[in-house]
Amino acid sequence: MLRSNPFFGHMSLRNCRFRLFSSVLPRGPTRSGTSVTFSTAQRVFPIETIEVPGLLYSRNTNHVAQVSTILGDAGILKLSLLFPDPKSDYLSQLVLGLHNNHNHHLPITHSGLRGAFWDVRPAVSNFQGGTYQARSETMKNFPWHTDCCYEEYPPRYFALHVLQHDRHGGGALSVMSVNKILDHLSPKAINALSRPEFKIMVPQEFMKNPTKRWIFGSILTPHHPNKGISIRFRRDLISAVTTRASQALAELDLLLQDATVQSSSSLRLSAQDLPRGSVIVIDNRKWLHARNQIKDQERHLRRVRWDAVPLGNEGT
Ligand SMILES: [Fe+2]
């Protein structure tokens, strides 16, 4: 049986029905919290982990509420799917559940040509953005950044569903806490980065409006008592338009390359930490992310981004 929705297209409910009739609907997922081994990184930031036994959990209000709570608290969460899900039906239903019950906005489209899902995997032709190859479609490393920093309404959350991890030791995802970075930034730099004195280019592959090739904005939002400080960042797209902005950007650049800062502020998630069947959900304004070089041509993640609101308007 197929069900259609405007963001994910046709979704199969076959697994869903099978599980409904083949087993008793479980009362709630296991929240292990410490079941994942992150080697040295685990000591820096434990990442909450939920084991998801079946597709039906995506429609379980307790489960969706649990995801929402962890995202609100930590801004990062891992889900281990204990069932095959080649079409990412669990993830699409989860995002719809967050929209229906927890005020998240629906997913954004990735470009003028693509829908809500984007396949992150090496490609040499048939690029998802049309003529232009996205960075995510290469095997190159991808330095610290947030997704869609060039959008007026950048998505607050994104999730990656690991359909095939890198089996040759590459493609590790790293995440860095914005709160930890701020501990190392001078007040002067924080102030300058919070002013709309930066030009941010829109990558060709994600250009939705050919007449809108860049935006002007700030890197940080001014501190809010409930929301803290949010960030947007992708260095290769950003240039400073004032002297104070340039100086602050240089300070941030140095910080992101500092080994001491990295060791106290970031986690490196290898293929062992995020094997096939994992889903990692990240607050795109509280965590920077990066990846190292991909070594496995078959590495394949599926991404969705949602809850796009202006930076600093995340709600209370
Ligand atoms: Fe990214």
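Which residues in α4 are buried? The views below are taken from a predicted model, in which local features need pLDDT of at least 70, side-chain atom pairs count only at pLDDT 80 or more, and totals for chains, interfaces and linings use all residues. Residues are numbered from 1 along each chain as its sequence is written.

**View 1. Burial and length of helix α4.** Tyr90, Leu91, Ser92, Gln93, Leu94, Val95, Leu96, Gly97 and Leu98 of α4 are buried (20 or more other C-beta atoms within 10 Å of the residue's own, with C-beta atoms placed from the backbone). Helices are DSSP runs of H or I with at least four residues, and strands are runs of E with at least two, numbered from the N terminus. The 14 residues of α4 should span 20 Å at 1.5 Å a residue, and the 19 Å between its end C-alpha atoms agrees (expected span: 1.5 Å times one less than the number of residues). Asn103, with a positive phi near 65°, follows α4.

**View 2. Packing of α3 against α4.** Helix α3 (residues 61-74) packs on helix α4 (residues 89-102) at an angle of about 85°, with the axes 10 Å apart (axes are lines fitted to C-alpha atoms, for helices over the stretch in contact, and angles run from 0 to 180 degrees between N-to-C directions). α3 is therefore roughly perpendicular to α4 (65 to 115 degrees).

**View 3. The open sheet.** Four strands are ordered β7-β15-β9-β13, with antiparallel pairing (two strands pair if DSSP finds at least two bridges between them). β7 (142-145) and β13 (266-269) are the edge strands, each pairing on one side only.

**View 4. Strands β9 and β15.** Five bridges join β9 (residues 173-177) and β15 (residues 287-291) in the antiparallel sense. Ser177 lies opposite Trp287 in β15.

Notes
Angles under 35 degrees count as roughly parallel, over 145 as roughly antiparallel, 65 to 115 as roughly perpendicular and the rest as oblique. A residue is buried if 20 or more other C-beta atoms lie within 10 Å of its own, exposed if 12 or fewer, and partly exposed in between; C-beta atoms are placed from the backbone.
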